[in-house]
Amino acid sequence: ANDVTAAGAGFNADTNIVKFLFANGEVRSLEQMPKVDVANCILDEALKILNASSDINVKVKDNTIVIE
């Protein structure tokens, strides 16, 4: 989730401020950061969740998604 009205966030900014909202009720806030860094954080969290819930291992190596 993100507040697009916050300074440094939204469509007209190179940065964003987001919160991860997890199914168990956990809320994790990220500091303002470049949007590419936000994207990397989202991918990292998705990989953690996927790896924790399956028998396959997914990782990023040299900007490539590797499924083992």
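**Exercises: a nonpolar patch, a helix and a hairpin**

Leu43, Leu50, Ile56, Val60, Ile65 and Ile67 make up a nonpolar surface patch with about 500 Å² of accessible area together. Its elements giving two or more residues are α1 (35-52) and β6. Patch members have over 30% relative accessible area and no salt bridge (a Lys or Arg side-chain nitrogen within 4 Å of an Asp or Glu carboxyl oxygen); nonpolar side chains (Val, Leu, Ile, Met, Phe, Trp, Tyr) are joined within 5 Å, like charges within 9 Å. Areas are Shrake-Rupley values with a 1.4 Å probe, and for residues only the protein chains shown count as cover.

This is a predicted model, so local features need pLDDT of at least 70 and side-chain atom pairs 80 or more, while totals for chains, interfaces and linings use all residues. Numbering runs from 1 along each chain as its sequence is written, and side-chain values use heavy atoms, without hydrogens or water.

**Exercise 1.** Classify Leu50 and Glu45 as buried, partly exposed or exposed.

- Step 1: Apply the cut-offs: buried is under 20% relative accessible area, exposed over 50%, partly exposed in between.
- Step 2: Leu50, at 35%, is partly exposed; Glu45, at 11%, is buried.

**Exercise 2.** Work out how β5 and β6 pair.

- Step 1: β5 (residues 58-61) and β6 (residues 64-67) pair antiparallel over four bridges; pairing takes at least two DSSP bridges.
- Step 2: Lys59 has Val66 as its bridge partner in β6.
- Step 3: Two residues lie between the strands of this hairpin, where Asp62 has a positive phi near 55°.

Definitions and conventions
Buried means under 20% relative accessible area, exposed over 50%, partly exposed in between (1.4 Å probe, protein chains only).
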